Amino acid sequence: AGTDIATPGRTKDIIRKHGFTFKKSLGQNFLVDQNILDKIVEAADLGPSRGALEIGPGIGALTERLAREAGRVAALEIDPRLLPILRDVLADYNNVNIVHADVLKTDLHRLWQEQFSGCERVSVVANLPYYVTTPIIMKLLEERLPLDAIVVMVQKEVAERMAASPGGKEYGTLSIAVQYYCEPELVCSVPSGAFIPAPNVDSAVIRLKRRPEPAVRVSDEASFFRVVHASFAQRRKTLSNNLAALAGKDRKAELAGLLESCGIKPERRGETLSLEEYARLTEALVGAGM
Ligand code: SAM
């Protein structure tokens, strides 16, 4: 373990050797803390029959650990300057495939077929670039990839939003989208000193365990998310005021009746409704043609 990438000394050596300069715009903060890596790898629950998809390998701090634990690793990196470095530092591992790609522009179903056909289960394990955390998570969820879990380092505040329960200010459309598909579990908080360079925010590792079926049953998912988004359009407005935008202003009285019939007081705010309540409300609104 004396040669592990994720130590301040080795990371600085690699950066110096290759003359690498950090790009803030790509969210480049490299992990240099072995204890945090232990926790990530443990939460990912890998093994020789498992695959791991990493997004943004950087100089390979996490990739190296994944290569030791998983049967197969695919890592997508957008910055071409990192490819020769990764090839160099990961030369000893023959189960790693580095792909030069922007995850948001990648056909992940195809990648799955190409990279993980022999794997029993595949999880996404990554220290995400913070400027695109939400789009990446939404892509992974909405494309319904056959993944087992998503174990990711994100900004602490984003982890809290993903895991939030109804009633608090962290609870919003991201909480609902994540919890519709997954069961979230906070793994650990991570101080900014665990990275080179240190980011300006605190971080956290979160594990999103994919549910076998979505958390609630709805006849039309697009409508469910339309109702959720409309309910949070203006956080300080009541549900009935926010939903009037969907129903049409002239149907406000009817809308109030519908809400009551679902057991939801029209003066409640979107942030107090559970996923079950949103599911019930969606069925009622769709049934009424709203
Ligand atoms: N995994 C490394 C670690 O833990 O030290 C690096 C993590 S760093 C926070 C994020 C990495 O994601 C960087 O290497 C960055 O170049 C890469 N990246 C940023 N945007 C990306 C994108 N759209 N697709 C793929 N990789 C991206």
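Analyst: Let us begin with contacts, where two residues are in contact if their C-beta atoms, placed from the backbone, lie within 7 Å. Not counting residues up to four places away in sequence, Ala-43 touches Val-151, Val-187, Val-205 and Arg-207. This is a predicted model, in which local features need pLDDT of at least 70 and side-chain atom pairs count only at pLDDT 80 or more, while totals for chains, interfaces and linings use all residues. Residues are numbered from 1 along each chain as its sequence is written.

User: Where is Ala-43 found, and is Ala-43 buried or exposed?

Analyst: A residue is buried if 20 or more other C-beta atoms lie within 10 Å of its own, exposed if 12 or fewer, and partly exposed in between, with C-beta atoms placed from the backbone. Ala-43 counts as buried because 20 other C-beta atoms lie within 10 Å. Its place is in helix 2 (residues 34-44), where helices (H or I, at least four residues) and strands (E, at least two) are DSSP runs numbered from the N terminus. From Ala-43 to Val-152 the C-alpha distance is 9.7 Å, although 109 residues separate them in sequence.

User: How many helices and strands are there in the protein chain?

Analyst: The protein chain has 12 helices and 9 strands, and of its 290 residues 38% count as buried. Among its contacts with a separation of 6 or more, 67% come from residues 24 or more positions apart.

User: In what order do the strands of the open sheet lie?

Analyst: As a general idea, strands of a sheet pair through backbone hydrogen bonds, either parallel or antiparallel. Two strands count as paired if DSSP finds at least two bridges between them. Here 7 strands form an open sheet in the order 4-3-2-5-6-9-7, with mixed pairing. Strand 4 (96-100) and strand 7 (182-190) are the edge strands, each pairing on one side only. Strand 2 (residues 50-55) and strand 5 (residues 121-127) are parallel and share 4 bridges, with Ala-52 opposite Ser-123 in strand 5.

User: Which strands does helix 5 touch?

Analyst: Helix 5 (residues 108-116) packs on the sheet and touches strand 2, strand 3, strand 4 and strand 5, its direction making about 140° with that of strand 3; axes are lines fitted to C-alpha atoms, for helices over the stretch in contact, and angles run from 0 to 180 degrees between N-to-C directions. Helix 8 (residues 173-181) also packs on the sheet, touching strand 7 and strand 9 (203-210), and its direction makes about 115° with that of strand 7.

User: Why does Cys-182 count as buried?

Analyst: Cys-182, placed in strand 7, counts as buried because it has 23 C-beta neighbours inside 10 Å. Leaving aside neighbours within four places in sequence, Cys-182 is in contact with Leu-208, Lys-209, Arg-210 and Arg-211.

User: Which residues come nearest to the ligand?

Analyst: A residue is near a molecule if its C-beta atom, placed from the backbone, lies within 6 Å of it. Around the ligand there are 23 residues, of which Phe-30, Gly-56, Gly-58, Asn-127 and Pro-129 come nearest. Strand 1 (30-31), helix 3 (61-69) and strand 3 (72-77) each supply at least two residues of this shell.
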